[in-house]
Amino acid sequence: MSKQSEFYTKLKESLDNESTYPSEYLFKFIVPMTKNQLAEVKEVFNLPGVTVKIKASKTNKYNSVSVRMIVKNSDEIIEKYKEVALVEGIISL
């Protein structure tokens, strides 16, 4: 099993043990401002009822992005993390 697969398996177990669904989930990311990464993240979460808050760093090199979303289950959370992982330079918190 790859490290990434192992990470998502552990995350799923943790989410299933600590949460009841449907529920609101808070995603947090650090997004570089070097290209159009912010638009890519917004596109992943371009869904009704999703709230996206963006705060620029003091040096304007990064954006802190918080996304609140109602999720049906832990699989939906993991799917969003996998989609966002494709964005160059993003850090998931």
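A quick word on terms: helices (H or I, at least four residues) and strands (E, at least two) are DSSP runs, numbered from the N terminus, and two strands pair if DSSP finds at least two bridges between them.

Please keep in mind that this is a predicted model, where local features need pLDDT of at least 70 and side-chain atom pairs count only at pLDDT 80 or more, while totals for chains, interfaces and linings use all residues. Residues are numbered from 1 along each chain as its sequence is written, and side-chain values use heavy atoms, with hydrogens and water left out.

Now the pairings. β1 and β3 are joined in the antiparallel sense over 10 bridges, and Glu-24 has Ile-70 in β3 as its bridge partner. Between β2 and β3, also antiparallel, there are six bridges. Ala-56 is partnered with Asn-63 of β3, and Lys-53 stands opposite Ser-66. The hairpin of β2 and β3 has five residues between the strands, and there Asn-60 takes a positive phi near 60°.

Let's stay with Ser-66, which lies in strand β3 (residues 62–71). Is Ser-66 buried or exposed? Its relative accessibility is 18%, so Ser-66 counts as buried; the cut-offs are under 20% relative accessible area for buried, over 50% for exposed, and partly exposed in between, with a 1.4 Å probe and protein chains only. Beyond its neighbours within four places in sequence, Ser-66 is in contact (heavy atoms within 4.5 Å) with Leu-26, Phe-27, Lys-28, Thr-51, Val-52 and Lys-53.

On to the helices. Helix α1 (residues 3–18) has 16 residues, and at 1.5 Å a residue it should span 22 Å; the end C-alpha atoms are 22 Å apart, which agrees. That expected span is 1.5 Å times one less than the number of residues. In α1, Tyr-8, Leu-11 and Leu-15 are buried. They cover an arc of only 60° around the axis, which puts them on the same side of α1; the arc is that of the directions from the helix axis to the C-beta atoms. Lys-3, Lys-10 and Asn-17 are exposed on the other side of α1. What do the buried residues of α1 pack against? Their partners are β1 (23–32) and α3 (74–84).

For α3, the buried residues are Ser-74, Ile-77, Ile-78, Lys-80, Tyr-81 and Val-84. Seen down the axis of α3, these fall within an arc of 160°, so they line one face of the helix. They pack against α1, β1, α2, β3 and β4.

Finally, the core. Which residues touch the most other members of the largest nonpolar core? Of its 21 residues, those are Phe-27, Phe-29, Phe-45 and Tyr-81. Two or more residues each come from α1, β1, α2 (37–44), β3 and α3. By nonpolar core I mean a set of buried Ala, Val, Leu, Ile, Met, Phe, Trp, Tyr and Cys residues joined through side-chain atoms within 4.5 Å. Setting aside neighbours within four places in sequence, Phe-27 has contacts including Phe-45, Val-65, Ile-77 and Tyr-81.
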